[in-house]
Amino acid sequence: MGPIKTVVDLGCGFGLTAAAWKQVCPEAQVYGTNLDGTIQMDLARRMAKEYKFQMVSGLDQIESNADVVFASEYFEHIPTPVQHLRAVLKKLKPQNMLIANAFGTQAIGHFPRYRVNGQNLDGKQTSTAFNAELKKFGFVKVKTQLWNNRPNFWKRGRVPITQNGRRALNGDRRIANGG
């Protein structure tokens, strides 16, 4: 994966992960997103000043394509997650996505059903449609060995397959083999 120039943290909460991205990629332009008028946005703006990243309230405020889009527990808080994913992919044109979704859980702010292409779907169906949308945009899922198989890393383009059948990033077999 070449040098990371732009990172977008969707729904970054208080800004902790956006700050961590800035520490890991100090030369990158890092954006955190959140809703205006929330305590999370106010706190994230303070964090952004300290760690030198930008807070925005909409995708239209991001002026470049993203090398990495990070979305942890984000899309399941949107009643139309697949349509929103489509907008993210078209606007930001990311090469890599790190996504941790929990469609179908009963957590606060999650929906029991989601609207996908005019249909009401449950969490499992929504997850399937969400993954299909990523594949339609040319992403390949790189399996992880983390809790509950989350988060999932999605990379645009071809990802090499290792001898044991797992996908590896840039031929790095250590990632695919869990070490």
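How much space lies in the largest pocket?

1. The largest pocket holds about 470 Å³ of space. A pocket here is an open set of points on a 1 Å grid over the protein atoms alone, where a 1.4 Å probe fits, with protein on both sides within 12 Å along at least five of seven lines. The volume is the space filled by probe spheres set on the points.

2. This is a predicted model: local features need pLDDT of at least 70, side-chain atom pairs count only at pLDDT 80 or more, and totals for chains, interfaces and linings use all residues. Residues are numbered from 1 along each chain as its sequence is written, and side-chain values use heavy atoms, with hydrogens and water left out.

3. Lining the largest pocket are 19 residues; Gly-11, Thr-33, Asn-34, Leu-35 and Tyr-74 lie nearest its centre. Lining residues have an atom within 4 Å of a point.

4. Five helices and nine strands make up the elements of the protein chain, in the order β-α-β-α-β-β-α-β-β-β-α-β-β-α from the N terminus. Both are DSSP runs (helices: H or I, at least four residues; strands: E, at least two).

5. Of the 179 residues in the protein chain, 43% are buried (under 20% relative accessible area, 1.4 Å probe, protein chains only). Cys-12 is buried at 7% relative accessible area, and Cys-25 is likewise buried, at 11%.

6. The structure contains zero disulfides, a disulfide being a pair of cysteine sulfur atoms within 2.5 Å.

How values were computed
Buried means under 20% relative accessible area, exposed over 50%, partly exposed in between (1.4 Å probe, protein chains only).
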